[in-house]
Amino acid sequence: MKDKLANRLGGAPVVPLIGENDPARAVATAKALGEGGLSVIEVVMRSDDAQKGMEAILAETDGLIVGAGTVLTLDQAKSVRASGAEFIVCPGLVDEIAEYCLAENIPLYPGTMTAGEVQRAYALGLREVKFFPASLAGGVPMLKALSSVFREMRFMPTGGVSAGNLADFLALPSVLACGGSWLTPKDAVEAGNYDRITQLAKEAVDIAQSAR
Ligand code: 3PG
């Protein structure tokens, strides 16, 4: 899975977040993103039925790589994995989740925003982390500084990334991909305006292609 994910992110280094509680809407959103060229999708576990939405996307779509985000505990990590999550994203770094994912070979992106957190991730054996919340944590200048010392580390900036600053983040060689919810605006999902989501995905793919 690690290679498949790396290849896919190499082609389109953007990971849209789906935060929809309704499984049918989550599936429609995922399909719209896939049509726009973004096929690595993070479903955030922030509502009662979010996990059901992730399961529905896995069952009802083809060709997408679907992971679970906002995973807070080891039990939750095991649960989303049992539901089929192909990668796991956490807002912070929890050693036991990192150890579980490393042992099970599950791609993990734990949130980090300080040199100490990145170094702890490095010491645990991780070479990819989320940089969160990217804009508040110092944005591109902070990421440049972290990248200069953690030369093997690859980062996924998320939190405050948008079409307006995507190119700046992707210009850094240490950036594996950027994540964000700007691709799945709540009003578009609620209105069933999935064409807009496809358009936003296409726009992100175009930005990424020009930035790299
Ligand atoms: C996350 O879960 O990583 C962030 O909440 C996403 O931040 P964004 O909504 O600013 O993209």
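**Buried residues, rings and a ligand site**

User: In which helix is the place of Ser 147?

Analyst: The model is predicted: local features need pLDDT of at least 70, side-chain atom pairs count only at pLDDT 80 or more, and totals for chains, interfaces and linings use all residues. Residues are numbered from 1 along each chain as its sequence is written, and side-chain values use heavy atoms, with hydrogens and water left out. Helices (H or I, at least four residues) and strands (E, at least two) are DSSP runs, numbered from the N terminus. In this numbering, Ser 147 belongs to helix 7.

User: Is Ser 147 buried or exposed?

Analyst: A residue is buried under 20% relative accessible area, exposed over 50% and partly exposed in between, for a 1.4 Å probe and protein chains only. The relative accessibility of Ser 147 is 15%, so this residue counts as buried.

User: How are the rings of Phe 87 and Tyr 109 arranged?

Analyst: Rings of Phe, Tyr and Trp (its six-membered ring) pair if their centres lie within 6.5 Å; planes under 30 degrees apart count as stacked, over 60 as edge-to-face and the rest as tilted. The structure holds one aromatic pair. Its members, Phe 87 and Tyr 109, lie 6.1 Å apart centre to centre with 75° between the planes, an arrangement that is edge-to-face.

User: Over which ring does the charged end of Lys 130 sit?

Analyst: A charge sits over a ring if NZ of Lys or CZ of Arg is within 6 Å of the ring centre and within 35 degrees of the ring normal. The charged end of Arg 127 is placed in this way over Tyr 122, 3.6 Å from the ring centre. For Lys 130, the distance to the ring centre is 4.4 Å and the ring is that of Phe 132.

User: What share of the area that the ligand exposes when taken alone does the protein bury?

Analyst: Residues around the ligand (one heavy atom within 4 Å of it) include Leu 17, Arg 46, Lys 130 and Phe 132. Ligand oxygen atoms lie 2.8 Å from a polar side-chain atom of Lys 130 and 2.5 Å from one of Ser 181. Accessible areas come from the Shrake-Rupley method with a 1.4 Å probe; for residues, only the protein chains shown count as cover. Taken alone the ligand exposes 310 Å², of which the protein buries 77%.

User: Is the peptide bond from Phe 132 to Pro 133 cis or trans?

Analyst: Most peptide bonds are trans. Pro 133 lies in the loop between strand 6 (128–131) and helix 7 (139–149). Omega of the bond from Phe 132 to Pro 133 is near -15°, and the bond is cis.

Terms used:
A polar contact is a pair of N or O atoms within 3.5 Å; within protein, one must be able to donate a hydrogen and the other to accept it, and residues adjacent in sequence count only if both atoms are side-chain atoms.
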